[in-house]
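Thanks for coming. I have a few minutes on one structure, so please look at the display before I start.

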Amino acid sequence: GRVLSIDVFAAGDEPAKMGLSGSKPCPSDAELAKTARKCSAYAKGLEGCRKANPGDVERACRNLEIKLVTCYAEEHAVEEAAEHRKCYTKLYTTGLYKGLGHCIPYEDAMRTALKARGITLK
């Protein structure tokens, strides 16, 4: 797998060369470069947040991290990104959203799907 410049995932095993069952293989370098350009504002924002909050990165930068993961997932883990979007849409339309971690399972699913496709955001 290829490692990109923003550290989003915890250190772990080398991702598989194929995606989850029934999913497409790892994206090409050209596809990844296109996504990196599309998501560069989130990556730069997250990098700046981490530098500005060295003692509290996890809490302070969480929203930027999810934005970056979602941006990549919209291109390379489309089904998981759609499920994540449905979760937040449901919470907003019902008025239940209070900034709590209701959609964390969907965030984790996006990370897992990206990792399975060889995308580990470092």
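Before the first item, a word on angles: helix axes here are lines fitted to C-alpha atoms over the stretch in contact, and angles run from 0 to 180 degrees between N-to-C directions. Keep in mind that this is a predicted model.

I'll begin with a pair of helices. Helix α1 covers residues 29–38, and helix α4 covers residues 62–76. The axes of α1 and α4 come within 10 Å and cross at roughly 140°. Roughly parallel would need an angle under 35 degrees, roughly antiparallel one over 145, and roughly perpendicular 65 to 115. The two helices, α1 and α4, are therefore oblique to each other. Their crossing, α1 with α4, is right-handed.

Which residues meet there? On the α1 side they are Glu31, Leu32, Thr35, Ala36 and Lys38, and on the α4 side Cys71, Tyr72, Glu74, Glu75 and His76. By type, the residues of this contact are four nonpolar, two polar and four charged.

Staying with α4, take Leu64, which lies in that helix. Leu64 is partly exposed, because its relative accessibility is 28%. Beyond residues up to four places away in sequence, Leu64 touches Gly45, Leu46 and Cys49. Leu46 is 18 residues from Leu64 in sequence, yet their C-alpha atoms are 5.5 Å apart.

Last, Glu107, in helix α6, residues 104–116. Is Glu107 buried or exposed? Glu107 is buried, because its relative accessible area is 2%, and buried means under 20%. Setting aside neighbours within four places in sequence, Glu107 is in contact with Arg62, Ile66, His84 and Tyr88.

Terms used
Residues are numbered from 1 along each chain as its sequence is written. This is a predicted model: local features need pLDDT of at least 70, side-chain atom pairs count only at pLDDT 80 or more; totals for chains, interfaces and linings use all residues. Side-chain values use heavy atoms; hydrogens and water are left out. Helices (H or I, at least four residues) and strands (E, at least two) are DSSP runs, numbered from the N terminus. Buried means under 20% relative accessible area, exposed over 50%, partly exposed in between (1.4 Å probe, protein chains only). Contact means heavy atoms within 4.5 Å. A crossing is left-handed if the near helix is turned anticlockwise from the far one by less than a right angle, and right-handed if clockwise. Ala, Val, Leu, Ile, Met, Phe, Trp, Tyr, Cys and Pro count as nonpolar, Asp, Glu, Lys and Arg as charged, and the others, Gly among them, as polar.
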